[in-house]
Structures are given as structure tokens and as C-alpha cells.
Amino acid sequence: MESKMNLTSDFQELVEQRFQQGFQLYTQNQLHGATEIFQETLDGFRKLDDRLGVAKSLYHLGLIQESQKEHQTAIDFFQQALNAYQDTDNQICEVNCWYRLGFNHVALSQHQQALNAYKQSLTIARLIHDRTGIDRAQKQIDQLSHNQARTEQQDKTNLNTQLLLAQADQTYLEGIQQYYQQQFSAASICFRQALLVYRQHKELRPEADSSYWLGLCQESLRQHQDAMTAYQQALSRYQELHVREWAAKSAFRLGYVAQALKTYPQAIIYYQQ
């Protein structure tokens, strides 16, 4: 019986020594060697039914996976380590496991799981008056909450933008329909409304098209000076976008309107474009 106890004690000491060797390799960033040793000590501590030894082996395997950006594998190790630490009532290590779980969930963009993990870390840190754990977890919770609120606001803004652009597209199509029905004043209103939205959101091609059709409406209403402005804006955008066909059409309409205004030299220049 005594011989068996001595054998167990010797094996325990050997496994502990191997763990320290693994830890030293880990601190020297020799991760492959450290991984092999921690896997070895994990098996050894399990044979000894040493829950604390199992937990710390799993925890360090998780740290190595985390450093290699294998975040899901790291999460698996930290979760197992957490379960083992809970059996040993080692709450300071539970604080660390929950914190590392939060970190790796963030790396995988699993923000709600990360927030839950950090909150667990904070709760236990408060229970044991771990000031470092409290400050560390609270900082991450605040950062995540801020990012989440900002993301929600961005999503809301993007949705509003999409709705506005969809409405502008519908208004633009209504303008074309009104134009072909020779309702030029009504069409002008549609194109102006669409143009404002497209400019606000820097939708350059729709802006150019709206300006061109607005010019057609104003030309039809004999509002030649306004038509010149609209065509010039369309021409500028088409040239910026390298849309040669529609730039040429805009230049031609400018020539036609300039001719109507009897600014013949200007008309020639536009026709030549």
C-alpha cells in the first residue's frame, strides 16, 4: 500500500515537473514543444485524477491555440478548463477562463457570446474582490457595448439610406413616365427630387441621369438657361465616370440649347465635343 502511494507521489512530481518544462517552453514561444508537453501532462493529470492539473494543462493549451489564431479550438480548451476549475473551486482561474473565452469570441465576431463571457468574468471577479479582473472585464464590456450600439446605429442608417434610394429610384421612373406623357413640369419635379437624394448619397451615375432628364424637361419647357445648367452638370458627371456615349449626348443637347439662346460660338464648341 505504502509502495503504491510512493509510486503515485513520484508520478505526480514527474508530471508537475513536465508541466513546468512546458510552461518554460511556452514563455520562450516554443509553442510546438509546449503543446506536446501540455498534452502529455493533461493525460498524466487525468490518470492522477488531479482536476487542478487537468485545468491548468487545458488552459495553457487554450493560450497556445489563441496565440496561433485558432480561436474556436482555443474556446474548446478554455471551456474544458473552466469546467475543471469549477470542480476545484478556484475562482481566480474561473475569472481568467471567462475572460479568455470572451476574447476569442470577439475574434470570431461572436459579440453576444463574448459579452456574456466578460459579464461572467466580471461577476466572479467582484465576488472575490479581484480588482484587476474587475477593471479588465468592465473595460471589454464597455467597449463591446459601445461597438454594438454603433453597429446598430450604422445598420439603421444603412437601412434608411436604402429606403431613400429606393424611393428616389421610383421617383426617377415616375419622372420618365411623366416626360413621355409630355407632362414636363411634373416630370421636372420628379427629377429634382431624385437628384437631391442621389447627390446627398453620392450616387454619381443616377445623379448624372437625373440631371440629363431634367435638362430635357426644361428644354421642352423652353427654360433654356436652366436646361444649360442641368446638361452641364450631367456632362461633368458623365465625363467623370467615363461614360462617353452619354457625355456626347449631353454635349449635343448643350449645343442645341446654346443655339436656341443664340450663343452660336458656344454651340459650335459643344457640337464639336
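Which residue just after H4 takes a positive phi? Asp89, at about 55°. Keep in mind that this is a predicted model.

Let me start with a helix pair. Helix H2 covers residues 31-47, and helix H3 covers residues 51-67. They pack at an angle of about 155°. Their axes are 8 Å apart. Angles over 145 degrees count as roughly antiparallel, so H2 and H3 are roughly antiparallel to each other. The crossing of H2 past H3 is left-handed.

Who makes the contact? On the H2 side, the residues include Leu31, Ala34, Phe38, Leu42 and Phe45. On the H3 side, they include Val54, Leu58, Leu61 and Ile64.

Next, H4, residues 71-88. It has 18 residues, which at 1.5 Å a residue should span 26 Å. The end C-alpha atoms are 25 Å apart, which agrees. Its buried residues are His71, Ala74, Ile75, Phe77, Phe78, Ala81, Leu82, Ala84 and Tyr85. What covers them? The cover includes H2, H3 and helix H5.

That brings us to H5, residues 91-107. Its 17 residues should span 24 Å, and its end C-alpha atoms are 25 Å apart, which agrees. Buried residues in H5 include Cys93, Cys97, Trp98, Tyr99 and Leu101. Glu94 and Arg100 of H5 are buried as well.

One last backbone point. Ser109 follows H5, and its phi is positive, near 60°. So much for the tour.

How values were computed
Residues are numbered from 1 along each chain as its sequence is written. This is a predicted model: local features need pLDDT of at least 70, side-chain atom pairs count only at pLDDT 80 or more; totals for chains, interfaces and linings use all residues. Side-chain values use heavy atoms; hydrogens and water are left out. Axes are lines fitted to C-alpha atoms, for helices over the stretch in contact, and angles run from 0 to 180 degrees between N-to-C directions. Helices (H or I, at least four residues) and strands (E, at least two) are DSSP runs, numbered from the N terminus. Angles under 35 degrees count as roughly parallel, over 145 as roughly antiparallel, 65 to 115 as roughly perpendicular and the rest as oblique. A crossing is left-handed if the near helix is turned anticlockwise from the far one by less than a right angle, and right-handed if clockwise. Contact means heavy atoms within 4.5 Å. The expected span of a helix is 1.5 Å times one less than its number of residues. Buried means under 20% relative accessible area, exposed over 50%, partly exposed in between (1.4 Å probe, protein chains only).
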